[in-house]
Amino acid sequence: MKKMKKALSLGLVLSLTMALAACGSNKGNEAESSSSNAQEGKTKLRIYAQYSDEDTKGYYDYAVAELAKEMPNVQLDLEIQAQDDGQKLKTYAATGNLPDVFNTALDQINVFRQSNNILELDEYVDKLGFKDKMQPSALNTLYTDDNHVYAFPYAGNEMILLYYNKELFEQNGVKVPTTFEEMKAAIETFKAKGITPLSIFAKEKWPDVAFYDMFATRYNPAGISALDKGEAKPSDEAYVKAAQDIIDLVKAGMLPKGVTNLNYDQAAALFHEGKAAMFVNGQWEIEASTKALGDKVGYMYYPATDAATYESGKMAFSGGGNPGGYAVSANTKDKELATKVASFMALKYAEFKYTQKGSPIVSTKVDKPVVKAFDPMMEQLAKDLPNITSTTAFAWGLSNTKFKAAIEDASQALLSGSYTAEQFVSDLESAMK
Amino acid sequence: MNKFLGNKTAILLFTLPTIVLFTIIVMWPTMQVFYRSMFDWDGLSAGKFIFLDNYKRLFEDRLFYTSLKNGIIFAIMLAVLQIGIGTVLALTISNKKIRGRKFLRVSYFIPVVLSVTVVCQLWLAMYNGEYGLINKIFETLGIPYRQDWLSNGKTAIYAVAAVNAWQNMGYHFALLLAAANSIPEQYLEAAKIDGAEKWKAHWKVTIPLMAETYKFCFVLAITGGLNAFANMQIMTGGGPGTDTYTLTYMMYRSAFRVGEFGYGTTAAAFLVIQCLIVTFAINKLIARDRIVY
């Protein structure tokens, strides 16, 4: 027995050693291949980009294919972006290992510009003529509050839409709500028929913030972005009322059970399968919803306290753009080249979205013909776009990180049904001190 | 033996690798935590020394008290459920007359070897407010006690703690079983001859003799509860709102979501002190003298 044990452990040690040796030799191979690439005259750049599902893979693959045509001497080394509030990126920065080009959001820009990790792009914007390529209405996505450029944007000013299933509303004789009273009536009818009135993926916290913002913008069009910039206080009437409205509707049974544990797949399934009458998501949901529900799906303007405020605030949307997109590390070797690649990637992302994703909501002008026609809802939104009176921000576009974390937690708590408006206000105030 | 212990160079030589590793991996980072907790620091740029301001802020922060309370609830749940049920199971299995002991012993230990993610997903499905097994059981039994377990701020922390308690109960069971089996049989026989009932004998003889193992189990369960993070990260994300925050989760939020590493390490520093005090107290209270048979 003892002998066998000895033999076994020896075997284990051996196999581990082999495995380790294998790892080592792999690295050796990589090094070799990179040097052979260098011989061919290719420059390698590390890029940090989203590449985790069909949607994001489409963008990246398209842009890389275009890049190969335009700059054949550049080879991109992809580091897949993690959905982690920028932690991976910050860790890279802290260890001096930031990729040459990286996809980034506003709060990381704010951190990196203080720690000198991000390249200020002002001169390159001029050099590359990037500003002329911007949509005039999306210039807010190029410049940060200090009037500098840190990233090449592509996303444009996106919106939060309140989607609804027209068929379910018609079948049950429910009027599309314009006021909270009508919303309550709709909730009661749907509940009686065993239909979930409204679905939201509240496990991720940003939809909760957006949902709260939908209500807040009924009272103050600047919504949460006024709180973020310190132009309003959580104890202002508008914000207390908005919280109370949500609490009332949640108590009336608006949400499915266990809503704060629903992820996108679960919440969207409820809506796509016709089990939920309404759904909250950004306008990028148009494609998926149209695919699932065809012409049965539409979006409504957010309901308000009364008919007059509904009409006057109809075009005050929640959501909006913020500086972000492809940025360049301050320590990259070839700044010219990295900047060129970053701006090229951003332009191609916008191009892909416009021509193949059926969305006109991009930061930059696109002069290529549309491959995939806009969905009917997108047509409607495109008509609404010029009339939009105001937008706010998504959670990831907030610049005050303390406020961001606090509003994320507090607006999720609002949906749990065991939270009061007073708690909401005092939690926000205490976190922002 | 004495000769060996007299050779100080040899002792130093043999313990040196461990001491060096321990210093680098445990002591140095722990000291860093205390040092960094006195900075206003975003984790990237050079921090600003603010001495005890972070601690002052911590004690005024409502989130801190929520986290502290949840940590204590978690620790108590773990201690009571894991050690309580673990004891009952261990004593039952240690009885040689019980059939299928081997099978039960292995079954109780299975959750321990499962990954925490797997266990959390399993329980997420069971807790589901609409189709979850637990609510279905209540429904079948006709008890109107259906709950929205994880989305209700009042039940969420207990629901999450129960999952951890269930998963790691087997570990405590294994420790306690080993302890129970190592007690010489004469003691129980003597109690039997004196006319003690089975459970009374356990209560008066077995359990007191297992005190040293209990000490270890309590330290594990309580510090484990105060440190809890993985279960809430996977199951609730600290939510709904902040209802399932613990100090570790608060540290995570401050450092990675808000970008205040200095303040995050302050929460961590408090946690370290808290765990040390608890460990010290348990060591003082239980099994102060070594038990030798």
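C120(B) is buried, because its relative accessibility is 0%. Keep in mind that this is a predicted model. What is the closest cysteine sulfur to that of C120(B)? The one in C275(B), 20 Å away, which is too far for a bond. A disulfide needs the two sulfur atoms within 2.5 Å. C275(B) is also a buried residue, since its relative accessibility of 11% falls under the 20% cut-off. For the sulfur of C275(B), the closest cysteine sulfur belongs to C217(B), and at 17 Å that is again too far for a bond. Counting over all chains by this rule gives 0 disulfides.

Now chain B as a whole. How many helices and strands does chain B have? There are 14 helices and 2 strands. Along the principal axes, its C-alpha atoms fill a box of roughly 75 × 70 × 30 Å. Chain B has 293 residues, and 44% of them are buried. Take the contacts in chain B between residues at least 6 apart in sequence: 69% of those join residues at least 24 apart.

Next, the contact between the chains. Chain A contributes 33 residues and chain B contributes 31. Together the two chains bury about 2,600 Å², and carbon and sulfur atoms account for 43% of that.

Last, one residue in chain A. A216(A) sits in helix α9, which covers residues 205-219 of that chain. Is A216(A) buried or exposed? It counts as buried, because its relative accessibility is 0%. Leaving aside residues up to four places away in sequence, A216(A) touches G223(A), Y239(A) and A242(A). There is also a pairing across the sequence to point out: A216(A) and S411(A) are 195 residues apart along the chain, while their C-alpha atoms are 11 Å apart in space.

That is what I have; I will take questions now.

Definitions and conventions
Residues numbered from 1 in each chain as written. Chains lettered and ligands numbered in written order. Predicted model: local features only at pLDDT ≥ 70, side-chain atom pairs only at ≥ 80, totals over all residues. Heavy atoms only, no water. Helix = DSSP H or I, 4+ residues; strand = E, 2+ residues; numbered from the N terminus. Buried < 20%, exposed > 50% of the residue type's maximum accessible area, 1.4 Å probe, protein only. Contact = heavy atoms within 4.5 Å. Buried area = accessible area lost by both parts, 1.4 Å probe.
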